[in-house]
Amino acid sequence: MFNPRDIIETLANNVRQTTSPFGIPKFMVNKWYKDVNLPKEGEYMLITGLMYQFAPFIEKSTQYLEKYEGTKMASLLKYARYMPGYLSGIGLAMMTSGKEKKDAGQPLKDIALLLKKSKVNFAYRPDLDNYSGILLYDMGDQKGFVAHAKKIAQKLKDAGVKKIITVDPHTAYAIKELFPKYTGISFEVKSYFELLDLGSKDLGLEVTIHDPCFFGRYLKLSEIPRKVLGNLGITESEIRNKGEFTSCCGGPAESISPSLSNEIMEKRVEELKEPGKPIIAYCPICLGNLKKSGAKVEDLSTLLVRHI
Amino acid sequence: MSTINLDFAEELKEYSDDKALECFNCGTCAAICPLVHDNFPRRMIRYVQVGAREKILENSDELWRCLHCGLCTHTCPREADPGEIILGLKRFVVANWRRS
């Protein structure tokens, strides 16, 4: 386990300096929309919160943390907070392969396609799409989170945004529940799958669904993806822990203790593998973490796009 | 030797809607927690109840093992919100580091 203070101060410093917990400049993180023709104005504003885009950088940094956890080198992490955010961020971005960065944007392209097919009137503006600050909240840096959230929420309000579509559970929770409480600014927030209308089919497929904690318990939305899949004739396998009682994938612990994160992930993967069906995740953190096990896991959006 | 701080509950109000006094120590939270580790989060909640401020600071690293998965809060029979207590303690410890 790393010293939590070293991790938290480094992340907080990066968010303060660059608005990204990894210090990577936004233009190097957010590129998916360049291949998709999306309007700048619409009823809803699509806000990705950059979580899918961060996934390959999380994986790369976790690989290094994993290597040094429990060694003498771990104590050197306390100096990371003194390094300028952009410097470490650009370094991390350069160490991450181009293919991984491109692949991370695919679920977002798929989600945009699904929304278009469902005739949802939505827009995308990369200048308004920012990280929500949720990691600071989870780590207990309340002051850092509130300061960041206020900036992001104000920017959205100033742009006249009233309705937001989110794509991951952490950003959804931050904007829907935490922004009104800590910034005083509220938006109508929908997760993308709440707006899908993909017609009906009889595919006769079965998948195993891994519900993320924030969709299953905090936002109580886990029945909706099941309805979307059900309309296409895709049923779910029975597993012990699902919906409101889902089990964590271990992802939230990966910066503080990659070994603990792996331990939790392996237990969860055992449960998910039991029915022998393809595993579906709908959170970029869960997706990345479960994939590390080598199990066949794909994003809900990938599965849906393949069958429409 | 451990000391207790009778004003600790008051001090914690700045960091969360602390419901630690609702807890009757049944241990459901520790049993359902994916960490299955040394009576977590039950022991920390007990420390809050008795005002063992220094014990929390001494063992503060343990707080960041919490995955914030919410299972403890979802199953707590007293609705004491163990997850929020742990989050509040993290905020308290971070503020304490930054003051020191």
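Domain bounds in this account come from an automatic or database domain assignment, and in the predicted model described here that assignment divides chain A into domain 1, residues 4-194, and domain 2, residues 198-306. The C-alpha centres of domain 1 of chain A and domain 2 of chain A lie 21 Å apart. The contact between them takes 27 residues from domain 1 of chain A and 26 residues from domain 2 of chain A. On the domain 1 side of this contact, helix H1 (4-18), helix H3 (51-68), helix H6 (106-117) and helix H9 of chain A each supply at least two residues, and H3(A) gives the most, with eight residues. By class, the side of domain 1 of chain A that touches domain 2 of chain A is made up of 15 nonpolar, four polar and eight charged residues.

In soluble globular proteins, nonpolar side chains tend to be buried together.

Chain A also contains an open sheet of four strands, arranged in the order S2-S1-S3-S4 with parallel pairing. Its edge strands are S2(A), residues 122-123, and S4(A), residues 188-191, each of which pairs on one side only. Strand S1 of chain A, residues 44-47, pairs with S2(A) in the parallel sense over two bridges, and with strand S3 of chain A, residues 163-166, in the parallel sense over three bridges. Within S2(A), Phe122(A) is the bridge partner of Tyr44(A), while Ala123(A) is the bridge partner of Met45(A). Met45(A) also has a bridge partner in S3(A), namely Ile164(A). In a regular strand the side chains alternate between the two faces of the sheet. In S1(A) both faces are covered, with Tyr44(A) and Leu46(A) buried on one side and Met45(A) and Ile47(A) buried on the other.

Helix H9 of chain A, which spans residues 169-183, bends by about 40° at Glu177(A), and a proline, Pro180(A), follows within four residues of the bend. The buried residues of H9(A) include the run Pro169(A), His170(A), Thr171(A), Ala172(A), Tyr173(A), Ala174(A) and Ile175(A), and Phe179(A) is buried as well. H9(A) is followed by Gly184(A), whose phi is positive, near 75°.

The contact between the two chains takes 15 residues from chain B and 21 residues from chain A. Helix H6 of chain B, residues 82-99, gives the most to the side of chain B that touches chain A, with six residues. By class, that side of chain B has eight nonpolar, three polar and four charged residues.

Just after H3(B), Gly51(B) takes a positive phi of about 75°.

Positive phi values also occur in chain B in residues other than glycine. His68(B), in the loop between H4 and helix H5 (71-75) of chain B, has a phi near 60°, and Glu79(B), in the loop between H5 and H6 of chain B, has a phi near 50°. His68(B) counts as buried because it has 22 C-beta neighbours inside 10 Å, whereas Glu79(B), with 10 other C-beta atoms within 10 Å, is exposed.

Note on methods
Residues numbered from 1 in each chain as written. Chains lettered and ligands numbered in written order. Predicted model: local features only at pLDDT ≥ 70, side-chain atom pairs only at ≥ 80, totals over all residues. Bend = angle between axes of the 7 residues up to and from the residue. Buried ≥ 20, exposed ≤ 12 C-beta atoms within 10 Å, placed from the backbone. Pairing = 2+ DSSP bridges. Contact = placed C-beta atoms within 7 Å. Nonpolar A, V, L, I, M, F, W, Y, C, P; charged D, E, K, R; others polar.
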